[in-house]
Amino acid sequence: MNLALKPIKLKQKSVIPGFGITMGFTLSYITLLILIPISMVFINSAGIGFKRFWEIVSSERVIASLKISFGTSFLAAVINVFIGLLIAWVLERYTFPGKKVVDGLIDLPFALPTAVAGISLTTLYAQNGWIGRLFASMGIKISYTPLGIVVALVFISFPFVVRTVQPVLQNIDLEVEEAAACLGASRFQTFYKVILPELLPAMITGFSLAFSRALGEYGSVVFISGNMPLKTEITPLLIRAKLEQYDYVGGTAVAAIMLVISFIMLFVINFFEWRASNRYK
């Protein structure tokens, strides 16, 4: 009688504590710091009724601020995709004096207080500023216009694209590009057919991070925008203005509609990121 010996499976030990402890900590952390604060915005907004809520969020001033915030944030994120890709390419594919210094400067917007950045950019791009006067001679005004908001948002959010694209560029084997060149591919075809598919998911991730960062920005924009209602007033500033006037209902209503639109746009961006990741697997 032959008895089959079943292999004994030993339970693998993890370096960190077990699943139950780590999952409990994760859910508690997310609940306390994210879910509860966000849910309070919707709970406070729901108490005023749909009719009053719609009156607040559909007012001309709120609609104008939402257009400015989402429009400038989207444009800044698109610009940063191209700027960030170019900077990451230079840092990873070329060697030049001062490369370490340039690479370190990329993270400066993370460390620099946003209010300081806003004051500096406003001074530089004002009509009598060092850079602003050059554009003013061509009839282009930057500070206190939506264009100035885009400049500020590009400044504070471009490191996200650089830092998400850099690791992918490091992992792309140069031999793949050389093989494409040996097979007769031009430089453009090599980039478009070989390199870009590898970079696309990281570029979309960088776009998402830059867009999210720009959408919630306040400190650097409040100075350079001029804060003119219906023209250069961003939604975060409008929310603060309502709270300073003790209009807590109006502030939470505007915050709620901004959160809803943000969730929808981020969901769409993440969907395209998922498609780009699975398309080239």
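## Helix H12

Buried means under 20% relative accessible area, exposed means over 50%, and partly exposed lies in between (1.4 Å probe, protein chains only). The buried residues of H12 are Thr235, Pro236, Leu237, Leu238, Ile239, Ala241 and Lys242. Just after H12, Tyr246 adopts a positive phi of about 60°.

Lys242 also carries a charge contact. Its side chain forms a salt bridge with Asp247, with the closest N and O atoms 3.8 Å apart. A salt bridge here is a side-chain nitrogen of Lys or Arg within 4 Å of a carboxyl oxygen of Asp or Glu. Lys242 counts as buried because its relative accessibility is 17%. Asp247 has a relative accessible area of 25%, so Asp247 is partly exposed.

## Basis of the model

This is a predicted model: local features need pLDDT of at least 70, side-chain atom pairs count only at pLDDT 80 or more, and totals for chains, interfaces and linings use all residues. Residues are numbered from 1 along each chain as its sequence is written, and side-chain values use heavy atoms, leaving out hydrogens and water.

## Overall fold

The protein chain has 13 helices and 0 strands. Helices (H or I, at least four residues) and strands (E, at least two) are DSSP runs, numbered from the N terminus. The radius of gyration of the protein chain is 24 Å, whereas a compact globule of 281 residues would have one near 19 Å. That radius is taken over C-alpha atoms, and the globule rule is 2.2 Å times the number of residues to the power 0.38. Along the principal axes, the C-alpha atoms fill a box of roughly 85 × 55 × 30 Å.

Of the 281 residues, 36% count as buried. Among contacts with a separation of 6 or more, 76% are between residues 24 or more positions apart. Contact means heavy atoms within 4.5 Å.

## Surface and charge

The accessible surface of the protein chain is about 17,700 Å², and carbon and sulfur atoms supply 69% of it. Areas come from the Shrake-Rupley method with a 1.4 Å probe; for residues, only the protein chains shown count as cover.

The chain has 23 positive and 15 negative side chains, and the centres of the two sets lie 5 Å apart. Lys and Arg count as positive, Asp and Glu as negative; His and the chain ends are not counted. Each charge is placed at NZ of Lys, CZ of Arg, CG of Asp or CD of Glu.

Side chains of opposite charge can pair when their charged atoms come close. The whole structure holds 7 salt bridges. One of them joins Arg61 and Glu233, at 2.6 Å from N to O. This pair links distant parts of the chain, 172 residues apart: Arg61 is in helix H3 (residues 60-93), and Glu233 is in the loop between helix H11 (221-224) and H12. Glu233 is buried, with a relative accessible area of 3%. Arg61 counts as partly exposed, at 35% relative accessibility.

Arg163 and Asp103 form another salt bridge, with their closest N and O atoms 3.0 Å apart. Arg163 is in helix H8 (residues 146-171) and Asp103 in helix H4 (residues 99-105), 60 residues apart. Arg163 is partly exposed at 22% relative accessibility, and Asp103 is partly exposed at 26%. Asp103, Asp107 and Arg163 are linked in a network of salt bridges.
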